[in-house]
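Visitor: I would like to learn how to read the features of a model like this one, step by step. Could we take the features in turn, with the general idea before each case?

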Amino acid sequence: MLANIYLHYVLDNWFDVIVKRQCKGECYLIRYCDDFVCCFQNQYEAKIFKQRLEERFAKYGLELAGEKTKILEFGRFARHNRKARGERKPDTLDFLGFTFYCGMDGKREFFRCRVKTSKKKFRSKIKAMKEWIKAHRAMPLELIFKTVNAKLRGHYQYYGVTDNTREVKNFLVQTKWLLYKWLNRRSQKRSYTSDTFFNGLLRTFPLLEPSIKVSLFYR
């Protein structure tokens with residue numbers, strides 16, 4: 001909380017009062033706790049800002065995370081401009097557990113920023129689910145499935161956004177296989193075949209199906 005308040009004055013107010021007034025092009029700041037993204041219409045202004053940001057942070061005893069700090073070309077003109085220069089497609093951006101990438105709306109053929117669960121976050125979420133199921137596989141089945149459904153609900157609430165249906169469904173699929181693996185290790189004797197598990201136990205204790213909770217479409 002203190003760090004959040006600190007950055008409000010060190011970064012947010014400075015960006016709104018000073019940086020925006022000195023930029024010729026559009027510029028925006030999106031911040032959540034100590035993670036933030038700055039958007040600039042002009043590339044040269046982004047480079048100048050990065051240098052000034054490092055200096056300002058140093059003044060207040062802060063520093064940027066080098067592995068997470070970079071300038072990349074992104075937006076509705078990025079794909080066209082990079083293609084004209086003979087360069088690869090635009091880089092992606094990881095922010096708050098999502099990967100943002102340049103896409104197109106297939107029906108209306110205009111640029112749209114698309115999102116999906118970042119690979120790093122997906123792996124960590126699957127690992128956490130595996131560790132929980134492994135550690136609690138001896139619990140009563142009703143309680144296991146109740147808790148797993150609560151975890152799935154939380155995952156869907158956060159990652160169930162436009163364009164991310166496939167990744168959210170994949171999380172459910174991986175969870176099913178984790179349950180199948182570790183519930184078969186409740187004792188020395190194997191408890192389920194794939195048929196008795198997927199067509200039997202999962203019908204008795206159904207898992208929540210994913211759905212889109214937040215639409216990112218705008219008009």
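Visitor: How many residues has helix 6, and what distance does it reach from its first C-alpha to its last?

Guide: Please keep in mind throughout that this is a predicted model. A helix can be checked by setting its end-to-end distance against the span expected at 1.5 Å a residue. Helix 6 has 19 residues and reaches 27 Å from its first C-alpha to its last, close to the 27 Å expected.

Visitor: Which residues of helix 4 are buried, and which exposed residues does the face turned away from them carry?

Guide: The general idea comes from the helical repeat: an α-helix has 3.6 residues a turn, so residues three or four places apart point the same way. In helix 4 the buried residues are Phe122, Ile126, Met129, Trp132 and Ile133. They cover an arc of only 125 degrees around the axis, which puts them on the same side of helix 4. The face turned away from that buried side carries the exposed residues Lys120, Arg123, Lys127 and Ala135.

Visitor: What covers the buried residues of helix 4, and what covers those of helix 6?

Guide: For helix 4 the cover includes strand 5 (111–117), helix 5 (141–159) and helix 6 (165–183). The buried residues of helix 6 are Glu167, Val168, Phe171, Leu172, Thr175, Leu178, Leu179, Tyr180, Trp182 and Leu183, and their cover includes strand 5, helix 4, helix 5 and helix 7.

Visitor: How many residues has the largest nonpolar core, and which of them have the most contacts inside it?

Guide: A core of this kind is a set of buried nonpolar residues joined through side-chain atoms within 4.5 Å. The largest one here has 32 residues, and those with the most contacts inside it are Val148, Leu179 and Leu183. Two or more residues come from each of strand 4 (98–104), helix 4, helix 5, helix 6 and helix 7 (194–204), and helix 6 gives the most, with eight residues. This core draws at least three residues from each of domain 2 (72–117) and domain 3 (118–204). A second, separate core has 13 residues, among them Leu7, Val10, Cys27 and Leu53.

Visitor: Which residues does Leu179 touch, leaving aside those up to four places away in sequence?

Guide: With those sequence neighbours not counted, Leu179 touches Ile133, Ile144, Phe145, Val148, Asn184, Phe197 and Leu207. With the same exclusion of residues up to four places away, Ile144 touches Trp132, His136, Arg137, Met139, Leu179, Leu183 and Arg186.

Visitor: Are Ile144 and Leu143 buried or partly exposed?

Guide: Burial is read from relative accessible area, where buried means under 20% and exposed means over 50%, with partly exposed in between. Ile144 counts as buried because its relative accessibility is 0%. Leu143, also placed in helix 5, has a relative accessible area of 39% and is therefore partly exposed.

Visitor: Where does Asp163 lie, and what is the value of its phi?

Guide: A positive phi in a residue other than glycine is a feature to look for, and Asp163 has one, near 80 degrees. Asp163 lies in the loop between helix 5 and helix 6, and at 25% relative accessibility it counts as partly exposed. Not counting residues up to four places away in sequence, Asp163 touches Arg112, Cys113, Arg114 and Val115. Leu96 likewise has a positive phi, near 55 degrees, and its place is in the loop between strand 3 (93–95) and strand 4. The relative accessible area of Leu96 is 29%, so Leu96 is partly exposed.

Visitor: How is the protein divided into domains, and how far apart do the C-alpha centres of domain 1 and domain 3 lie?

Guide: The division is into domain 1 (1–71), domain 2 (72–117) and domain 3 (118–204), and the C-alpha centres of domain 1 and domain 3 lie 40 Å apart. Separately, an unreviewed UniProt entry lists residues 1–100 for "domain: Reverse transcriptase". Over residues 1–100 the chain is 45% helix and 18% strand, with the end C-alpha atoms 27 Å apart.

Methods. Residues are numbered from 1 along each chain as its sequence is written. This is a predicted model: local features need pLDDT of at least 70, side-chain atom pairs count only at pLDDT 80 or more; totals for chains, interfaces and linings use all residues. Side-chain values use heavy atoms; hydrogens and water are left out. Buried means under 20% relative accessible area, exposed over 50%, partly exposed in between (1.4 Å probe, protein chains only). Helices (H or I, at least four residues) and strands (E, at least two) are DSSP runs, numbered from the N terminus. The arc is that of the directions from the helix axis to the C-beta atoms. Contact means heavy atoms within 4.5 Å. Domain bounds come from an automatic or database domain assignment. UniProt positions are given in the numbering used here, feature names are shortened, and annotations may be inferred rather than shown by experiment. The expected span of a helix is 1.5 Å times one less than its number of residues.
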